[in-house]
Amino acid sequence: MKNKRNLFTKLLTSFACAIMLLCSVTPAFAASSEDYRNVDATKKIYDYADLLTDEEEAKLKQTANKLIDQYGYDVFFITIDYNDTYSTEAFIDDFGDFNGFGLGNDTSYVGCIIDMDQRNFHISTVGNDCLTVYNDARIEVMLDAIQKNVKAKNYYKAADAFFDKVEQYGNDTSGQTESISDKLPRSILFGVLTGLALSGIITFAIARQAKTIRKGSEAANYTDEDLVLTRQNDRYVRTYETKIKKPSNSGGGTSTHRSSSGRSHGGGGRSF
Amino acid sequence: MGLNQVYRCSVCGGELSWDPTAQLMKCPYCDETFTMEQMQEQGKTELNEENYERGQSAEELGYTESTDDTAVDPKDLRVYKCRHCAAEIITDKNTAATTCVYCGNPVVIEEQLVNGFTPKWVIPFRVKQDDVREKYLSFIKKRFTPDSFMTDTHIQKIKGVYIPFWLYDAKVSGIISYDAEKTTRRTSSDYIITTHKVYDVDRAGNISYKRIPADASSKTDNKVMDSVEPFDYSDLTKFEMPYLAGYFAEKYDEDAKTCEERIIPRIKQTFKDKVEKTVSGYNTKKITREHINHQITNSDYAMLPVYLLYTKYNEKDYIFAMNGQTGKMIGNIPLDKGKVLKFWLGWSALLSVLSTIVYLFII
């Protein structure tokens, strides 16, 4: 009996140990991206790193749903504090692809992640709708807006800035990084300066025609015989190369990569 | 010795002057015309008949102003006696032809054009003085010309003047070396790569010029005279005194050596331009070395026809000139600041709107 009991105690102890061991491992295990599969895709805000208050989450969720209704593609925001398996980019790509995000005829979405473990933040886009709207230039502008707030450790504002830009670009496929009204003051300023300068050149050219007294500078009218060449050498010396970086074409294309699911993703990210 | 000469009509005794339309000497009274050959024949006899009278210094005689607007320093004034009315003609020491202010007759002061001052060539006037005003009026009609300037009321005088010129023949030879590059462009994914093939290019050659003009009077603005070029040398004829009758003329007061300094840069520049044109097929070229020699092979003294128009507008003098042979008019027309501003702002408004649209929607 004693033996039996001993065995039971031993078993219990080892079981408890195993449980304890298991428990100590669980957070790591649970935090790998595999465990972020089959999440509820209707939540739209996933604050695993606990960077937001419940109120903030609720507000952001409301915003996300409003944008989804308005533009017809999916929008989500996620924060994580443990990620040792993938790059931030691969994480959000898989999170989006395997959890059934994506709306519209090409199951498009735009998502943003703040990865507190790798200290990256990243935007991922999928589907024709989002890939056309969110070109590289626009992604850069969005990352700028998020970066400011992430650096200031204001994660709610970072999410808000992300949604703000989503709202701005919406379904506008012009590729312009700024809205017409944002660009207007600067365009007027440059436009007026250009107008004054161009008109100045025209005015100057016409005014110059009124002046015809000029010092003689050449004598081409008076050549008796034309130029006689007595030597004409063209000797090859060397070859060298110069290169300049291609100008990044704002409003231009969207570069994409393929995620593990096989879908084409756009977007981009930065460290903080 | 010299004399001031009046060329008389052998028919009626009237004073002949050069007629640009007929290209002959013409009597204003009986319309009889004479060729230069006839004039030479007549001149020989007249020369013997006339009494010589050297130009006397006006300063010594107490004169301070000229009678023909050749306003200069009193010590440069000379006095002549008009052969027609015996009035005194007071003019600049370099004047070779003028008009008697009293009887209006043309006077040629031959003593100015002898002893090394005889021009070799002349291009006679082809444009009539009566046509100058009209040509001038159409010339000044430019977009920014002040409305009040578009009349002929501000013309103070129009003078047909034979300007003394040196006509140079010259040779230029030299060698010019260039650093020239042929470039090709290709693009990689991130870069635009330019391949430069560098060549050492040498060109040696020579060129010759004939009759490059440079005005030889210190009184005329060199830039104005450069601007009335070119003259058509097919009209260039042997100089004869009677051509000057009816016009103003001056003898040169800058010698050939002095004036050649002005043509040297011009002939060198044309040599460089022409040589550079032979360096073709390159995207860039830069002169690395040049050695250019010039040689003035000949210089001839010639009288070339120019109309000078003196105008005054808002207390400022404006000079216009017309090539008396080809009719080419030059001059700096005053600008109406209000018109310029209006034009500038008007176009600015239009172009600003267009540029704003481009910035807003395209760039």
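## Interface between the chains

Buried area is the accessible area, taken with a 1.4 Å probe, that two parts lose on being put together, summed over both. In this predicted model, chain B and chain A bury about 5800 Å² between them. Carbon and sulfur atoms account for 58% of that area. Three residues, Val198(B), Tyr359(B) and Leu360(B), supply 10% of what chain B buries against chain A, more than any other three residues. The contact draws 71 residues from chain B and 58 residues from chain A.

## Polar and charged pairs

Five salt bridges are counted between chain B and chain A. In one salt bridge the side chain of Asp226(A) meets that of Lys274(B), with an N to O distance of 3.1 Å.

By residue class, the side of chain B that touches chain A divides into 36 nonpolar, 19 polar and 16 charged residues.

## Nonpolar cores

The largest nonpolar core has 89 residues, and the members that touch the most others are Tyr162(B), Tyr209(B), Phe271(B) and Phe320(B). Strand E11 of chain B (residues 155-187) gives the most to this core, with 14 residues. Apart from this core lies another, of 34 residues, including Leu60(A), Leu67(A), Ile123(A) and Cys130(A).

Leaving aside residues up to four places away in sequence, Phe271(B) touches Leu227(A) in chain A. With the same exclusion, its contacts in chain B are Val172(B), Ser173(B), Gly174(B), Ile176(B), Gly205(B), Asn206(B), Ile207(B), Tyr209(B) and Ile292(B).

## Helix H3 of chain A

Helix H3 of chain A (residues 88-98) is mostly covered, with eight of its eleven residues buried. The buried residues are Thr88(A), Phe91(A), Ile92(A), Asp93(A), Asp94(A), Phe95(A), Gly96(A) and Asp97(A).

Just after H3(A), Gly100(A) takes a positive phi of about 75°.

Methods
Residues are numbered from 1 along each chain as its sequence is written. Chains are lettered from A and ligands numbered from 1 in the order in which they are written. This is a predicted model: local features need pLDDT of at least 70, side-chain atom pairs count only at pLDDT 80 or more; totals for chains, interfaces and linings use all residues. Side-chain values use heavy atoms; hydrogens and water are left out. A nonpolar core is a set of buried Ala, Val, Leu, Ile, Met, Phe, Trp, Tyr and Cys residues joined through side-chain atoms within 4.5 Å. Buried means under 20% relative accessible area, exposed over 50%, partly exposed in between (1.4 Å probe, protein chains only). Helices (H or I, at least four residues) and strands (E, at least two) are DSSP runs, numbered from the N terminus. Contact means heavy atoms within 4.5 Å. A salt bridge is a side-chain nitrogen of Lys or Arg within 4 Å of a carboxyl oxygen of Asp or Glu. Ala, Val, Leu, Ile, Met, Phe, Trp, Tyr, Cys and Pro count as nonpolar, Asp, Glu, Lys and Arg as charged, and the others, Gly among them, as polar.
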